[in-house]
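Subject: Structure for your review

Dear colleague,

Please find below the structure that I promised to pass on to you. I would be grateful if you could read my notes with the structure open beside them.

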Amino acid sequence: MLSIESLKAKIDDKEILKGLNLNINPGEVHAIMGPNGSGKSTLSNILSGKKGYEVNGSVTFEGQNLLELETEERAHKGIFLAFQYPLEIPGVNTNTFLKTSINAIKKARGEKELDAIEFLKLIKQKSLELKFDEKILSRQLNVGFSGGEKKKNEILQMSILNPKLSILDETDSGLDIDALRIVSEGVNSLRNKENSFLIITHYQRLLDYIKPDFVHVLKNGQIIKSGDYELAKELEKVGYEDFN
Amino acid sequence: MDNRQKEIDNLKDYKYGFSTDIENIRAPKGLNEDVIKFISNIKKEPQWMLDFRLKAFERFKQLKEPDWQKPKYPKIDYQDLYYYSAPKSMDNKPKSLDELDPKLLETYNKLGIPLQEQARLNGIAVDAVFDSVSVATTFKEELTKQGIIFCSMSEAIQKHPDLVKKYLGSVIPTTDHFFATLNSAVFTDGSFVYIPEGVKCPMELSTYFRINASETGQFERTLIIADKGSYVSYLEGCTAPMRDENQLHAANVELIALDDAEIKYSTVQNWYPGDKDGVGGIYNFVTKRGLCKGKNSKISWTQVETGSAITWKYPSCILKGDNSVGEFYSIAITNNHQKADTGTKMIHLGKNTKSKIISKGISAGNSDMMYRGLVDIASKADNSRNFTQCDSLLMGNKCGAHTIPYIKNKNLKSNIEHEATTSKISDEQLYYCNQRGLNQEEAVSLIVNGFCKEVLQQLPMEFAVEAQKLVGISLEGSVG
C-alpha cells in the first residue's frame with residue numbers, strides 16, 4: 001500500500017532523512033521509534049505533503065507517486081495525519097470543521113455529501129464509541145482545549161474520516177493514562193484488513209495498548225533496525241543512545 | 001469541473017461586470033447651478049426642494065475636498081462628470097412593471113434581483129435604483145396596507161413632502177462635509193421609508209443600487225424614518241459594470257429612530273473593485289448617519305464591504321435619546337490594490353446610552369485597510385458605555401492593516417472599552433486544513449468566515465449565505 005524507497009529530505013540545506021526505506025501493507029500497524037531529532041516528524045510531514053522540504057527518492061501509495069500530489073489530494077486518497085500540535089482555528093466550530101472536512105473528501109471521491117442530520121448521527125455515534133464529550137464539538141476548533149482534548153479530537157477526526165493510512169505523530173506525548181486508553185481504543189477500533197497505521201512515538205508505553213505488527217528504529221535519518229513488538233521492549237531497556 | 005469551481009470562475013472576473021446597452025438621458029456634463037436646476041426640473045420638484053439643493057451648492061463651493069484619509073486618489077475633476085443619467089424609457093415613468101423596459105428587467109434578472117411579480121417569492125420588497133433613478137419598487141401594495149411608505153425618493157418628494165421636508169437633512173445637514181454636501185446639491189434618487197407608529201415591518205426592505213452609465217457619478221439619497229415603537233430591517237446591495245475609469249459613488253443615508261423604535265440597516269457592498277493591477281473601480285465615498293432621536297431607540301449598522309477601489313465611509317450613530325443603543329458590525333475585505341478607510345462614529349449625548357462596535361478587517365494582496373473610529377461621550381451622557389473590538393487579519397506580506405481609534409470621554413460615570421487584535425493566517429493553519437481534505441480556497445474561506453462570524457451572524461438569513469460566499473470569493477487567489 002505504501003512503499004518508501006531511499007527517501008531523502010532536506011530543509012534549509014540541512015539533511016534530515018538520509019535514505020529511508022519502508023513498506024506498509026494493508027492492515028499492518030507499524031511503529032517508528034527514535035530519539036529527538038531523528039527525523040520522525042519530518043517523515044510524517046513528507047507523507048502528508050507539508051511544503052518546504054527538498055525531497056528525493058520515491059514514495060508510492062496504492063501504486064501512485066505520492067510526492068506529486070497536493071496535501072489535500074493525499075487526504076482525499078485516504079491519508080490522515082494526527083498532528084503532534086493540532087492547530088487552533090478561532091471562530092470555526094469543531095463540528096463545522098469536521099463536516100467541511102468529511103464533505104470535502106466525499107466530494108473529491110465523487111461520493112454523496114452528508115447532510116446535517118446524517119453528519120450529526122455519525123458524530124454522535126463516534127463520540128459515544130470514543131467516550132468523547134460532545135460539548136467539545138460546539139467549541140471553536142482546538143481553542144482553549146487541553147492537551148488531552150486536542151489529541152482526542154484528532155482521534156475523533158480520524159475515526160470519522162476512516163482513513164486507509166493513519167499517521168500518528170507522537171499522539172501519546174503529554175497524555176494521561178485515561179486519554180492514552182481512549183486514543184488507543186480509537187486506533188484499535190479502526191484496525192481491520194484494509195486500514196494501515198504508522199505510529200510515531202518516543203515511548204513503548206503506547207505500544208502496550210496498540211500492539212504493532214512491526215517496530216522500526218529511526219536514528220540519524222535512517223531506519224537502523226526493524227523487528228516486532230519485542231524490539232520496542234528492548235529499546236526501552238537499552239535506551240536510544242546505546243542502541244545500534 | 002465541479003460546481004463550486006465553476007461558481008468561483010464565474011465570479012473571479014466579477015460577474016456583475018457587464019454593462020447594459022440602454023439609451024440614456026443625461027444632464028449636460030459638469031457641475032453648476034444650471035445642472036442642478038436641470039435635475040430638479042426633470043424630476044418636477046417643488047421649489048423648496050430646489051432651494052435645498054441650491055443652498056447646499058452654495059455651501060459646496062466654499063468647501064475643500066478633504067485629504068486626511070489614508071488612501072490617496074488622483075484628483076477628481078468635478079466638472080468632467082455627468083450628474084444625472086437615466087434610462088430613456090423612464091422618461092414617462094412606467095406605471096407598472098409590465099411597462100418597464102425589458103432590457104432593465106433583464107439586467108436585474110442577471111443580477112439575481114427578480115423584479116417581476118411572479119418571481120417575487122422570496123418575501124423581500126425591493127427598490128431598484130439604476131444609475132440615477134429608481135426603476136421599480138416591489139411589494140408596494142402589501143406594505144401600504146400597514147401604512148408603511150416604501151418608495152423612491154423622487155416619489156416621496158411629490159407625495160409625502162411634509163415628511164421629507166421635516167427629516168431630509170436633519171441628520172446630515174446641507175452644511176456637512178464636502179461629499180455629503182455635494183450629494184445634497186445633486187442627489188438624484190434613492191429610497192424613502194416611513195414606518196408608522198407601532199408597526200413592525202413584516203418583511204425585509206431592500207434597495208439595489210446599480211451604476212451602469214460611464215463617466216457618471218451616482219449620488220443617491222436614502223431616508224428612513226421609524227416612528228415611535230416601530231421596527232424595520234433594511235438591506236442595501238450594490239454592483240457596477242467593469243470599466244477602466246474610476247467612478248464616484250457619493251451617497252447619503254439618513255436614519256431617524258423615534259422613541260422605542262429600531263432600525264437595522266445591512267449593506268453588502270460589492271461595487272467593482274478594479275482589476276488585479278488596480279485599474280478602474282468605484283470610489284465609494286458614502287455618508288451614512290443614524291439619529292437615535294427618541295428614548296430607548298436603537299440603530300444597528302451591519303456592513304460587508306468587499307468591492308470598490310477605495311472605500312471611505314463611517315456609518316455613525318448619534319445617540320440623543322436616553323437609553324438609546326447604537327451598534328456597528330463590519331466586515332471589510334480588501335484584495336489586490338483595493339484600499340479602505342472605514343469605521344464608525346458613536347456620539348453619546350443621552351443618558352444611559354450604549355454602543356457596540358465590532359470590526360473585522362481582512363487584507364490580502366497589495367491592499368491596505370484602515371479602521372478609523374470615534375467614540376465620543378458627552379458630559380451629560382451619564383452611565384454610558386461603549387465596547388469596541390477591532391480585529392485585523394492579514395494574508396501574505398504585501399498588505400497593510402491599521403487601526404486608529406479616537407476616544408473622547410467627558411463623563412466620569414461613563415465607560416469605554418477597546419480591544420484590538422492583529423493576526424495572520426498561518427501556513428500551519430492552512431496545512432492543517434489541507435490535510436483534512438480542504439483545498440487552499442476552501443481553507444481560507446473557512447478560516448476567514450470563522451474570523452468574521454460575529455458579524456455574519458448579524459445579517460438577515462438570506463443575506464448571510466450570500467455574504468459568506470462573497471467573503472470566500474473576494475479572497476480568491478490571495479494565497480498559495
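The lining of the largest cavity is made up of six nonpolar, eight polar and two charged residues. Please bear in mind that this is a predicted model. Rolling a probe the size of a water molecule over the atoms shows where empty space is left. The search of the whole structure found four cavities of 30 Å³ or more, and the largest of them has a volume of about 100 Å³. It is lined by 16 residues, of which B:S359, B:K360, B:G361, B:M369 and B:Y371 are the closest to its centre. Several strands of chain B contribute to this lining: β17 (325–334), β20 (354–363), β21 (368–377), β22 (385–394) and β23 (400–409) each supply at least two residues.

Chain B as a whole has eleven helices and 24 strands. It comprises 480 residues, and 63% of them count as buried. Taking the contacts in chain B between residues at least 6 apart in sequence, 83% join residues at least 24 apart.

In soluble globular proteins, nonpolar side chains tend to be buried together. The largest nonpolar core here has 65 residues, and those touching the most other members are A:L2, A:I4, A:L43, A:L47, B:I362 and B:V448. Helix α10 of chain B (residues 440–456) gives the most to this core, namely nine residues. Another core, of 42 residues, lies apart from it and includes A:A82, A:L122, A:L207 and A:L235. To return to A:L2, its contacts beyond four places in sequence include A:L22, A:I24, A:V59, A:F61 and A:L165.

Is A:D13 buried or exposed? With a relative accessibility of 70%, A:D13 counts as exposed, because the cut-off for that class is over 50%. The residue sits in the loop between β1 (2–11) and β2 (14–24) of chain A. Although A:D13 and A:E54 are 41 residues apart in sequence, their C-alpha atoms are 8.5 Å apart in space.

Finally, a word on confidence. The model scores ipTM 0.96 and pTM 0.83. For chain B the mean pLDDT is 84, with 80% of residues at 70 or more. Residues 117–122 of chain B have pLDDT below 50, and this stretch makes seven contacts in the model beyond near neighbours in sequence.

Yours sincerely,
A colleague

Conventions: Residues numbered from 1 in each chain as written. Chains lettered and ligands numbered in written order. Heavy atoms only, no water. 1 Å grid on protein atoms, 1.4 Å probe; cavity = no way out; pocket = protein on both sides within 12 Å on 5 of 7 lines; lining within 4 Å. Points joined across faces, edges and corners; volume = space filled by probe spheres on them. Helix = DSSP H or I, 4+ residues; strand = E, 2+ residues; numbered from the N terminus. Nonpolar A, V, L, I, M, F, W, Y, C, P; charged D, E, K, R; others polar. pLDDT = per-residue confidence, 0-100. Contact = heavy atoms within 4.5 Å. Core = buried A, V, L, I, M, F, W, Y, C linked by side-chain atoms within 4.5 Å. Buried < 20%, exposed > 50% of the residue type's maximum accessible area, 1.4 Å probe, protein only.
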